[in-house]
Amino acid sequence: MPPIDDSHDDPLAAQYEAYPYPARDPAEERKRLILGSPSDLREVVHYLRHGRFDPGQPFRALVAGGGSGDAAIMLAQQLADEGATAAEVVYLDLSRTSRAIAEARAKVRGLTNLRFHTGSLEAVAEIAPGPYDYIDCCGVLHHLADPPTGLAALRAQLAPDGGMGIMVYAPYGRSGVYELQGLLRQLVSDRPLPEQVALARRLVAKLPETNRLRRNPYLSDHKQSDAALVDLLLNLRDRAYRVEDLLYLLKSADLRAVSFIAPTLYAPETYANDPKLATAFAALSPEARWQAAESLAGNIRLHIVYAAPTDSPAGEAVISDVAVPLLTKNSGPELARAAQQDLSIKATIAGLALRRRLPRLAPAILSRIDGKRSLGEIRADLQAANPAVTDEAFKEAFAETYGALQGLNLLLLRYPGI
């Protein structure tokens, strides 16, 4: 007998039935694929599988709390593009409305590697049991009544060598949110949800200049849709995690953090460009460095982390001649042209403008990255054009280029054929 689905009795489910989040139009699938972190297959392979992924082998992924489908659609499409015919993505969410949107998006794309379930992630063992090679839990744990229990339920369905991509809210970049949530509960909690939305919209429009949400430049999507406003200001359950809180939550489920995204944001020297301070930061443990970076930044509004079981072999890819470098946002020639101007790369992440110096050989290396050639092949091609480039010079230049771009999550590694 199939499990009883009582998700409609959860008031949080009712909220997402009325305002599925994020707001998505299935027809837009004909125009673009929404990419993001976590759960971009390139990231999953780089951060959790040492750069190794064989499309010919079975691969099961769970998207727990799939909402209107962003992560499930992205991952299913990328697996289909890989020709991973033995791969399967399982979607699970409380909201039937959200599920219907995700199913419509999958239909537009013709995806056949997705299975859909309605229910709570705490009941995953009964509704959609594992084991799973990868589990996405993005934007969900902070809405649960008991996050440790929810995370433990997911962890129990993870394969021994599997990994997870997790996103939770962070407090400092959400300045002003929780004060307004409390105020709106006083004003509108006894009204029908559409009336709550209308009054909240009026309140947001009339915020004084001194209000912390109005002064917060890192939150704006609540101005674009009612679904985003409900999710931000009228959410029935919402908590935020500092780095140390998130690490404690992971530990409670026998998980360890493999990498935060983007890594540079969690390097304290990013925010304090001073050699003596950098030396002091370097003496800290990785966990203490992550905490220090969050305290210094002051603008991180969510944490994205790839995690794995404490005793799992899961981990990041490493540089070698057979590794294939992958650029996640720009083409090699585009980045090469940008780097050629002043031997630097510029990016803005979470409102922070960053500039990273690059070595002299970076433009020549970047122009040859096409997602197909290995580092050894790139080196050979560069040396054929410029015999003065030694193996050691190439190795040092790529390591420096990789450090700058991978820290921004712009350059990852993949091993071909495995």
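## Around glycine 69

Leaving aside residues up to four places away in sequence, glycine 69 touches Tyr91, Ala102 and Arg105, where contact means heavy atoms within 4.5 Å. Glycine 69 sits in the loop between strand E1 (59-64) and helix H3; helices (H or I, at least four residues) and strands (E, at least two) are DSSP runs, numbered from the N terminus. With 0% relative accessibility, glycine 69 counts as buried. For that label, buried means under 20% relative accessible area, exposed over 50%, and partly exposed in between (1.4 Å probe, protein chains only). Tyrosine 172 lies 103 residues from glycine 69 along the chain, and their C-alpha atoms are separated by 27 Å.

A word on where this comes from: the model is predicted, so local features need pLDDT of at least 70 and side-chain atom pairs count only at pLDDT 80 or more, while totals for chains, interfaces and linings use all residues. Residues are numbered from 1 along each chain as its sequence is written, and side-chain values use heavy atoms, with hydrogens and water left out.

## H3 against H4

Two packed helices are described by the angle between their axes and the distance between the axes. Here, the axes of H3 (residues 70-82) and H4 (residues 96-109) come within 9 Å and cross at roughly 25°. That makes H3 roughly parallel to H4. The axes are lines fitted to C-alpha atoms, for helices over the stretch in contact, with angles running from 0 to 180 degrees between N-to-C directions; under 35 degrees counts as roughly parallel, over 145 as roughly antiparallel, 65 to 115 as roughly perpendicular and the rest as oblique.

On the H3 side, Asp70, Ile73 and Gln77 make the contact, and H4 brings Ala102, Arg105, Ala106 and Arg109. These residues divide into three nonpolar, one polar and three charged.

## Helix H9

H9 (residues 226-233) is mostly covered, with seven of its eight residues buried. Those are Ala227, Ala228, Leu229, Val230, Asp231, Leu232 and Leu233. Their cover includes helix H1 (11-18), strand E5 (158-169), helix H7 (177-188) and helix H8 (193-205).

## The cysteines

If you're looking for disulfides (a pair of cysteine sulfur atoms within 2.5 Å), the structure holds zero. Cysteine 137 is in no disulfide, and the nearest cysteine sulfur, that of cysteine 138, is 8.2 Å away. Cysteine 137 is buried, at 0% relative accessibility, whereas cysteine 138 is partly exposed at 27% relative accessible area.

Conventions. Ala, Val, Leu, Ile, Met, Phe, Trp, Tyr, Cys and Pro count as nonpolar, Asp, Glu, Lys and Arg as charged, and the others, Gly among them, as polar.
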